[in-house]
Amino acid sequence: MTNAVTNPKTREWQAMSREHHLAPFSDYQQLHEKGPRIITKADGVYLWDSEGHKILDGMAGLWCVAVGYGGEELVEAAAAQMRELPFYNTFFQTAHPPALELAKAIADVAPQGMNHVFFTGSGSEGNDTMLRMVRHYWACKGQPNKKVIISRHNGYHGSTVAGASLGGMKYMHEQGDLPIPGIVHIPQPYWFGEGGDMSPEEFGVWAADQLEKKILEVGEDNVAAFIAEPIQGAGGVIIPPETYWPRIREILAKYDILFVADEVICGFGRTGEWFGSDFYGNKPDLMTIAKGLTSGYVPMGGLIVSDKVFQVINAGGDFNHGFTYSGHPVAAAVGLANLRILKEEKILEKVREETAPYLQKRLRELADHPLVGEVRGVGMLGAIELAKNKQTRERFPSEMGVGMICRGHCFENGLIMRAVGDTMIIAPPLVISKDEIDELVEKARKCLDLTARGVLV
Ligand code: PXG
């Protein structure tokens with residue numbers, strides 16, 4: 001497979017890209033010189049581009065296509081709902097069956113005591129909703145000073161002003177004067193990259209203790225909430241050391257602050273449990289959701305709210321917040337069908353008992369590769385750390401762009417694997433089979449070999 005363009009339609013689309021389309025997170029000059037790869041169709045775990053190449057999608061679209069591509073039931077659910085009621089809002093004391101039924105279906109799978117859902121159009125809007133709701137919550141309780149949200153460096157919480165501020169991506173903060181006031185960050189539990197001489201266990205406790213340090217620095221009376229992804233996704237599939245979440249739970253129990261789990265990636269089966277919070281035994285007060293909720297077939301996000309928070313805002317008068325598309329009937333109908341498929345086809349059970357253990361075993365075979373410093377993963381999430389020295393965890397100079405070189409080889413060899421710096425990451429559709437996992441791992445090894453040839457001397 002090569003990047004050569006032979007289909008005249010590809011050239012036409014690339015010209016449209018150059019002349020009219022502003023893609024997310026892109027260097028436009030660079031993108032337009034090369035031209036984007038045009039993805040034209042998909043089925044199961046595979047994509048096809050406009051040049052006819054078949055590609056194994058190791059990223060489930062963008063962490064979202066849980067049930068895989070080509071799900072006729074989702075298509076039917078959307079079409080039927082469009083015929084019946086394509087749109088109505090949920091403002092002004094109205095509602096419609098799909099939004100209500102989906103709220104109930106989500107509450108049925110959410111952790112105990114989390115029974116209320118606010119719908120949004122995306123994960124970013126879910127986190128904006130969270131920020132407004134937790135501040136409203138504390139104001140309703142007569143503690144309006146409790147406004148500060150503690151988040152983590154290299155966490156990802158979206159790209160709206162609040163989402164990017166909550167996130168800890170420096171390169172996002174640099175554009176547009178972020179974070180907004182009232183959001184502070186603590187170190188992430190990224191042992192491979194930042195653990196220094198500590199053991200993973202020591203480092204996990206140290207990283208968790210930074211939360212307590214920050215609460216004391218800001219003052220408990222000023223802190224509204226702590227937000228974290230159970231496993232950081234966009235930051236590089238960062239799986240915290242085993243000591244991290246237990247220590248965080250101890251700290252949260254000591255202070256009167258809310259705990260928000262951003263489940264946009266971990267939710268709806270990615271770890272083999274319904275939520276990453278279930279996987280770790282965490283007890284959040286609020287959970288942001290999106291992506292796997294509709295398997296990405298239509299945009300939808302939301303915020304799952306605990307009874308504890310609901311009881312306070314329920315007595316607090318109007319919550320002056322909402323989106324035109326909150327609870328969109330077509331998105332909700334697709335969400336309902338998606339949850340039905342996840343349950344009826346026992347997809348979580350298959351992930352937990354069969355395919356995730358197999359993926360994790362096969363992925364770890366790559367740890368012997370000379371370019372690989374660590375392989376880690378949980379459920380249908382995996383990361384391969386490229387390193388110059390396995391023992392010392394020394395990285396390649398960032399100017400070498402080793403991760404991007406590897407990603408390029410993957411693209412050319414029919415595999416989508418993302419690079420976050422020099423961390424290669426995967427999050428395939430939950431329905432990936434063992435044979436497809438074999439193909440993924442074999443292609444990954446081939447691309448590591450090709451990368452090593454260019455960078456190891
Ligand atoms: N929270 C988390 C944990 C996410 O991963 C969002 C919130 C925002 O969701 P929306 O729907 O507003 O995009 C996300 C989104 C990447 C990448 O590079 C990850 C996301 C989005 C775009 C790129 O891995 N996650």
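Start at the ligand and select Ser124: an N or O atom in its side chain is 2.5 Å from an oxygen atom of the ligand. That pair is a polar contact, here a pair of N or O atoms within 3.5 Å; within protein, one must be able to donate a hydrogen and the other to accept it, and residues adjacent in sequence count only if both atoms are side-chain atoms. Before going on, note that this is a predicted model, in which local features need pLDDT of at least 70 and side-chain atom pairs count only at pLDDT 80 or more, while totals for chains, interfaces and linings use all residues. Residues are numbered from 1 along each chain as its sequence is written, and side-chain values use heavy atoms, with hydrogens and water left out.

Next comes Arg418, with a polar side-chain atom 2.6 Å from an oxygen atom of the ligand. On its own the ligand has 550 Å² of accessible area, and the protein covers 83% of it (Shrake-Rupley method, 1.4 Å probe; for residues, only the protein chains shown count as cover). Now show the whole shell: 16 residues surround the ligand, and the closest are Trp63, Gly123, Ser124, Asp262 and Arg418 (a residue is near if one of its heavy atoms lies within 4 Å). Helix 6 (123-140) and helix 3 (60-63) each give two or more residues to that shell, and helix 6 gives the most, with three. Helices (H or I, at least four residues) and strands (E, at least two) are DSSP runs, numbered from the N terminus.

Select Trp63 in helix 3. Its phi is positive, near 70°, though the residue is not a glycine. Trp63 counts as buried because its relative accessibility is 4%; buried means under 20% relative accessible area, exposed over 50%, and partly exposed in between (1.4 Å probe, protein chains only).

Val237, in the loop between strand 7 (223-228) and helix 11 (244-254), also has a positive phi, of about 45°. Val237 is buried, at 0% relative accessible area. Then jump to Leu178 and Pro179, which are joined by a cis peptide bond with omega about 0°. Pro179 sits in the loop between helix 8 (170-173) and strand 6 (183-186). As background, most residues other than glycine have a negative phi, and most peptide bonds are trans.

**Inside helix 10**

Pick Leu211 in helix 10 (residues 200-218). Leu211 counts as buried, with 0% relative accessibility. Leaving out residues up to four places away in sequence, Leu211 touches Ile150, Ile186, Phe226, Ile248, Ile251 and Leu252; contact means heavy atoms within 4.5 Å.

Move to helix 16 (residues 402-412), where Val402, Gly403, Cys406 and Cys410 are buried. Look down the axis of helix 16: these residues fall within an arc of 100°, so they line one face. The arc is that of the directions from the helix axis to the C-beta atoms. Among the elements they pack against are strand 12 (381-386) and helix 17 (434-455). Gly414 follows helix 16, with a positive phi near 80°.

Finish at helix 1, where Thr10, Gln14, Ala15 and Ser17 are buried. They fall within an arc of 155° and so line one face of helix 1. Those buried residues pack against helix 2 (28-34), while the face turned away from them carries the exposed residues Pro8, Glu19 and His20.
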